[in-house]
Amino acid sequence: MTAPSTPGQAVTFYTTAELAREAGVTRRTVMHYADLGLLTPDQVTASGRALYGPYALRLLRDVMDLRALGVPLDEARDMVTLRRATHTLDGTYRRDWTRADIPLSDERLRVIHARLRLLQDAYARQAEGLARFDRWLTKRFTGGDVEPLDLDALAEGEAAG
């Protein structure tokens, strides 16, 4: 990680490779998400190197989770935009934000809200059944030793097949 650029500043920045490593994704994934506007560098060095603050790691993980839940990229981007507008670089909630800080239309905010309600309702309906199914698979087949899925590779494989 890159040391703070200002004396006394508590924020440490990640390079693209460091952010990818911390999130467990490839550098290419981080760059792709940056190209799509899902992640934006918090600083850019004089040589053009993108640097990401600590909250970018949380946002990247959130984007990956949202994608795993089937949230379209444009809605994930809007959710990240909203969170960046209401939080500081280190992820602290900004109590001083105003509606003018949010660069999303009321319609886009309604779409985000509807998607979140849809996800919450689905999770509430499925939570007990998913936990029970996980226990059953653990007991009968895997013993709990399961490698995490690489969703990018899985999606590429489904697209090719």
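View 1. Phe133 is partly exposed, with a relative accessible area of 48%; buried means under 20%, exposed over 50%, and partly exposed in between, for a 1.4 Å probe and protein chains only. The model is predicted: local features need pLDDT of at least 70, side-chain atom pairs count only at pLDDT 80 or more, and totals for chains, interfaces and linings use all residues. Residues are numbered from 1 along each chain as its sequence is written, and side-chain values use heavy atoms, without hydrogens and water. Phe133 and Trp136 lie three residues apart in helix H5, about one turn of the helix; helices are DSSP runs (H or I, at least four residues) numbered from the N terminus.

**View 2. The aromatic pairs.** The whole structure holds two aromatic pairs, where rings of Phe, Tyr and Trp (its six-membered ring) pair if their centres lie within 6.5 Å, with planes under 30 degrees apart stacked, over 60 edge-to-face and the rest tilted. Phe133 and Trp136 are stacked, 5.9 Å centre to centre with 10° between the planes. Trp136 is partly exposed at 37% relative accessible area. Trp136 also pairs edge-to-face with Phe141, at 5.4 Å centre to centre and 70° between the planes. Phe141 is exposed, at 58% relative accessibility.

**View 3. Helix H4 against helix H5.** The axes of H4 (residues 73-86) and H5 (residues 106-142) come within 10 Å and cross at roughly 105°; axes are lines fitted to C-alpha atoms, for helices over the stretch in contact, and angles run from 0 to 180 degrees between N-to-C directions. H4 is therefore roughly perpendicular to H5, a term for angles of 65 to 115 degrees.

Note on methods
Helix = DSSP H or I, 4+ residues; strand = E, 2+ residues; numbered from the N terminus. Parallel < 35°, antiparallel > 145°, perpendicular 65-115°, else oblique.
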